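Let's take a look at how a protein wraps around its ligand, and then at a spot on its surface. Have the sequence and the 3D view ready.

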Amino acid sequence: MQNFAGRVAVITGAGSGLGREFANEAARLGMKLVLADVDAHALEQATDALQAGGADVLAMVCDVRKAAHVEELADAAMIRFNGVHLLFNNAGVGTAGLVWEYTEADWDWVLGVNLWGVIHGVRVFTPLMLDAARRDPGYEGHIVNTASMAGLLVPPVMGPYTVSKHAVVALSETLYHDLRLVGTTVQASVLCPYFVPTEIAHSERHRPGELRRDAPPTPSQQAGQALLERAVASGKLSAADVARLTFDGIRRGDFYIYTHLEALQAVAQRMDAIVHSTPPADSYAATPQFTDALRAAVQGSVK
Ligand SMILES: NC(=O)c1ccc[n+]([C@@H]2O[C@H](COP(=O)([O-])OP(=O)(O)OC[C@H]3O[C@@H](n4cnc5c(N)ncnc54)[C@H](O)[C@@H]3O)[C@@H](O)[C@H]2O)c1
């Protein structure tokens, strides 16, 4: 995609972090915006700021776990702007703890937002974009799914998150192949950031009441949460940097969009272990203090 001005960008999770910066960058390029988030207050703040800067914004409270909400989002975007060119399936939440200690509600919530949110986005918006591409030879469309380096690496104590992000990578690769199969100008990318300072470590703020965790956090959940907060806060690239890199990747037509190239070494080590059937590689080999802190913290929780 090369031309952004006057085109329409749909962004889920637009109220905070990466989504908010995708919106800022899209507005800077003169795009019309459809902003979606489950957090009405954050959405309103983002909308007010973007409108004050002159952007044309449609904002909708939307829980991406719910098919009907994503369908309503697409309907509203078509009614208001009569087309969608750039879609960011970006909303996501994180949680931490030993893999057998997550409740069914934990899995339901994380997979609901991180995986089903992307499934709904792809299922609902891709046909609209394909239709636009068929009708207009000059149409440019691009879908960016936010995965994570956790879609390519398997660190400890992030089970549901890692499972969801691996699935988003697989879904995105399938989307890429299927788009090529039908022959269209619509393109796809998967964004795989490493740690970026955003509000992701405070995702519990958006957990729906019916999926609330009633029991107090286990030692592994406390240690994992502390590690997540530390790791996210330590990120050297800002969310705005990631947004700029993502738009650069879109312009180049990159499928895999990486923000922290140094993390790819751990991916190569993981793939090497898979191919050579050696034990899974340690994703935190470069930061052994992470694993040491976790091990020390969870000893008390291992029965
Ligand atoms: N920050 C990082 O270190 C990092 C690294 C890799 C990948 N990611 C991914 O980036 C994406 C954006 O996260 P972020 O870091 O900007 O976090 P963030 O918490 O700052 O923003 C996430 C946004 O998603 C929204 N959201 C949560 N549940 C939702 C739902 N059910 N429906 C709609 N919106 C919902 C939140 O309200 C929030 O505005 C996520 O998919 C995350 O997994 C983040």
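Sort the shell around the ligand by class and you get 14 nonpolar, 10 polar and 6 charged residues. Here Ala, Val, Leu, Ile, Met, Phe, Trp, Tyr, Cys and Pro count as nonpolar, Asp, Glu, Lys and Arg as charged, and the others, Gly among them, as polar. Keep in mind that this is a predicted model, where local features need pLDDT of at least 70 and side-chain atom pairs pLDDT 80 or more, while totals for chains, interfaces and linings use all residues. Residues are numbered from 1 along each chain as its sequence is written, and side-chain values use heavy atoms, without hydrogens and water.

Of the 30 residues around the ligand (a heavy atom within 4 Å), S16, D37, Y161, V196 and T198 come nearest.

| Residue (backbone atom) | Distance to a ligand oxygen |
|---|---|
| L18 | 2.8 Å |
| I200 | 3.4 Å |
| Y194 | 3.5 Å |

On its own, the ligand has 830 Å² of accessible area (Shrake-Rupley method, 1.4 Å probe), and the protein covers 98% of that. Helices α1 (17–28) and α5 (159–182) each give two or more residues to the shell; helices are DSSP runs of H or I, at least four residues, numbered from the N terminus.

Now for the surface. V275 sits in helix α8 (residues 264–276). V275 counts as exposed because its relative accessibility is 64%, and the cut-off for exposed is over 50%.

How values were computed:
Buried means under 20% relative accessible area, exposed over 50%, partly exposed in between (1.4 Å probe, protein chains only). A polar contact is a pair of N or O atoms within 3.5 Å; within protein, one must be able to donate a hydrogen and the other to accept it, and residues adjacent in sequence count only if both atoms are side-chain atoms.
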